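Please read the following note with the sequence and the model open beside it.

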Amino acid sequence: MKYILALDQGTTSSRAVLFNRDGRPVAAAQQEFTQHFPKPGWVEHDALEIWQTQKKVMQDVLQKAAISASQIKGIGITNQRETTVLWDRRTGQPIAPAIVWQDRRTAAFCDQLKRLSASQTAQRIQHKTGLVLDAYFSATKIAWLLDHVQGARRNAELGHLAFGTIDTWLIWQLTGGRVHATDPSNASRTLLFNLHTQAWDPALLKLFNIPASLLPNVVPSSGLLAETEPHLLGMAVPIAGLAGDQQAATFGQACFAPGMAKNTYGTGCFMLMNTGNVPMPSRNQLLTTVAWQGPHARVANKPQKGSNLATAYALEGSVFMGGATVQWLRDGLQIIQKASDVEALAASVEDTGDVYLVPAFAGLGAPDWDGQARGTLIGMTRGTSRAHIARAALEAIAWQVADVFQAMSKDSGLALKELRVDGGASQNNLLMQMQANALGVSVLRSSITETTALGAAYLAGLATGFWSGAEEITAQWAVDQTFEPQVKSAVRQAGQARWREAVNRSRAWAKE
């Protein structure tokens with residue numbers, strides 16, 4: 001058996017990547033699927049379309065590589081997180097469109113909860129889950145579906161419905177409905193999972209009025225979970241790795257030691273820093289999350305007492321609009337034809353001409369967490385061109401990441417010396433140089449851009465004995481290019497102060 005198959009189900013496309021023992025991709029297939037925006041602030045997916053595209057690319061990648069399923073040692077799954085699917089256990093059919101992590105329809109409900117008992121509710125939630133009370137996470141999406149889909153609450157109480165984030169939905173489909181499961185990295189993104197007990201929290205289920213019967217079993221991120229239905233690939237293949245996309249990317253970047261951090265430039269930007277075996281509470285509006293768990297995934301983390309399972313935790317900062325900002329330039333403003341055009345356009349001017357774009361199209365994530373903020377373009381004059389706006393868009397991505405980086409340094413008490421980067425937009429050299437300038441530290445781009453899929457593959461490969469351990473994985477990690485800061489500290493600080501002025505202008509714009 002020569003390969004591990006990674007299924008990478010993202011926000012805009014489904015992908016499948018085949019990895020060899022060197023941790024190198026040997027074949028990949030990708031298919032985009034439809035994004036639905038039925039109302040302002042609403043974002044939906046068709047869960048059946050997600051499954052059909054994921055199944056197709058999974059089968060396509062084997063054809064591309066001209067191999068059979070008998071050569072695959074195991075499957076690792078990684079997925080867009082928080083996106084919420086409810087389906088009928090009896091039919092396997094979704095009861096409504098999936099509510100995507102970007103969706104803001106429950107922001108007002110979150111604000112109501114925050115006002116309860118002088119915010120003590122939000123504080124209790126954060127203590128238990130490591131998360132802020134925000135529409136980003138799954139719990140309020142589940143509650144909304146139960147309250148707005150006819151018959152949903154009644155069917156849920158009768159035990160007929162199942163909830164899952166996309167990993168759970170894929171596992172259900174891959175196993176023909178035999179397995180209803182998730183892992184701690186995904187469970188810790190729901191607002192329902194207690195980091196301290198490592199279990200679904202009854203008090204939180206009561207708070208959000210969600211029946212426990214909806215919830216999947218929580219299994220390790222690295223371990224033999226199930227086998228696929230034989231007809232899908234020609235024979236049954238073990239599913240042995242499972243992690244949310246950002247945790248998987250952290251694993252793929254070999255951030256195994258506490259204090260190591262990575263940032264993924266996808267639809268959003270997501271920075272995670274390994275904090276070791278203890279969940280570290282944030283004082284600066286970051287999230288505390290499970291990074292991974294498994295007997296084969298200890299990786300510089302000790303097992304918990306009374307268990308052979310090791311749980312690694314992370315601090316995370318989420319930027320909602322990363323690559324999606326460039327998509328907006330392409331699809332919304334139509335000032336570029338394809339996303340890759342943005343680099344040359346932005347480089348055609350020396351600076352933004354004091355123009356700042358705050359891409360708060362879906363509110364602001366860490367460290368601001370303002371669900372009512374909205375996109376703001378400020379500082380324009382008659383001399384402002386589309387090139388200035390393109391450059392401001394790239395700078396906005398870099399400044400948002402820098403805000404998270406600073407918060408992470410404050411929370412951890414560590415002076416982070418480097419940032420490992422991956423994801424589609426990390427291939428933009430101008431953006432990566434802007435990022436190094438905004439951070440004041442080295443930015444290291446991995447030689448393998450498929451780090452999210454690679455992390456899922458590594459988790460599956462460790463569980464099946466395909467790879468021996470952390471040392472082998474660490475040895476495979478390599479740098480493609482390093483970007484060093486090229487501006488003085490005073491210039492960086494002035495730019496960031498101006499950026500924060502622009503952010504403040506975008507705050508609290510939307511009405512409830």
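**Notes on the predicted model**

1. Helix H10 (residues 245-252) and helix H15 (residues 451-463) have axes that come within 6 Å and cross at roughly 75°. Axes here are lines fitted to C-alpha atoms, for helices over the stretch in contact, with angles running from 0 to 180 degrees between N-to-C directions. H10 is therefore roughly perpendicular to H15; angles under 35 degrees count as roughly parallel, over 145 as roughly antiparallel, 65 to 115 as roughly perpendicular and the rest as oblique. On the H10 side the contact is made by Asp245, Ala248, Ala249, Phe251 and Gly252, and on the H15 side by Thr451, Thr452, Leu454, Gly455, Ala456, Tyr458, Leu459 and Leu462, where contact means heavy atoms within 4.5 Å. Sorted by class, the contact of H10 with H15 has 8 nonpolar, 4 polar and 1 charged residues. In this sorting Ala, Val, Leu, Ile, Met, Phe, Trp, Tyr, Cys and Pro count as nonpolar, Asp, Glu, Lys and Arg as charged, and the others, Gly among them, as polar.

2. A word on the basis of the note. This is a predicted model, in which local features need pLDDT of at least 70 and side-chain atom pairs count only at pLDDT 80 or more, while totals for chains, interfaces and linings use all residues. Residues are numbered from 1 along each chain as its sequence is written, and side-chain values use heavy atoms, with hydrogens and water left out. Helices (H or I, at least four residues) and strands (E, at least two) are DSSP runs, numbered from the N terminus.

3. The crossing of H13 past H14 is right-handed; a crossing is left-handed if the near helix is turned anticlockwise from the far one by less than a right angle, and right-handed if clockwise. From H13, Arg391, Leu394, Glu395, Ile397, Ala398, Trp399, Val401, Ala402 and Phe405 meet Leu430, Leu431, Met434, Gln435, Ala438 and Leu439 of H14. The contact of H13 with H14 has 12 nonpolar, 1 polar and 2 charged residues.

4. Which residues does Gln59 touch, leaving aside its neighbours within four places in sequence? Gln59 is in contact with Leu232 and Leu233. The C-alpha atoms of Gln59 and Leu233 are separated by 6.6 Å, although these residues are 174 residues apart along the chain. Gln59 belongs to helix H1 (residues 47-65) and is partly exposed, with a relative accessible area of 30%. Buried means under 20% relative accessible area, exposed over 50%, and partly exposed in between (1.4 Å probe, protein chains only).

5. Some backbone details deserve attention. Leu191 is not a glycine, yet has a positive phi of about 75°. Leu191 sits in the loop between helix H7 (184-187) and strand S10 (193-194), and counts as buried because its relative accessibility is 0%. Asp354, also a residue other than glycine, has a positive phi near 65°. Asp354 is in the loop between helix H12 (341-347) and S19 and is partly exposed, at 38% relative accessible area. The peptide bond from Ala366 to Pro367 is cis, with omega near -5°, and Pro367 lies in the loop between strand S19 (356-358) and strand S20 (376-378).

6. How many salt bridges are there? The count comes to 25, a salt bridge being a side-chain nitrogen of Lys or Arg within 4 Å of a carboxyl oxygen of Asp or Glu. In one of them, Arg90 pairs with Asp88, with the closest N and O atoms 2.8 Å apart. Arg90 is exposed, at 54% relative accessible area, whereas Asp88 is buried, at 11%. Asp147 and Arg153 also meet in a salt bridge (2.9 Å, N to O), and Arg153 counts as buried at 17% relative accessibility.

7. Glu501 and Arg498 form a salt bridge whose closest N and O atoms are 3.3 Å apart. These two residues are separated by about one helical turn, because they are 3 residues apart in helix H17 (residues 489-506). Glu501 is partly exposed, at 40% relative accessible area, and Arg498 counts as partly exposed at 35%. Elsewhere, a network of salt bridges links Arg81, Glu82, Arg189, Asp245 and Glu316.
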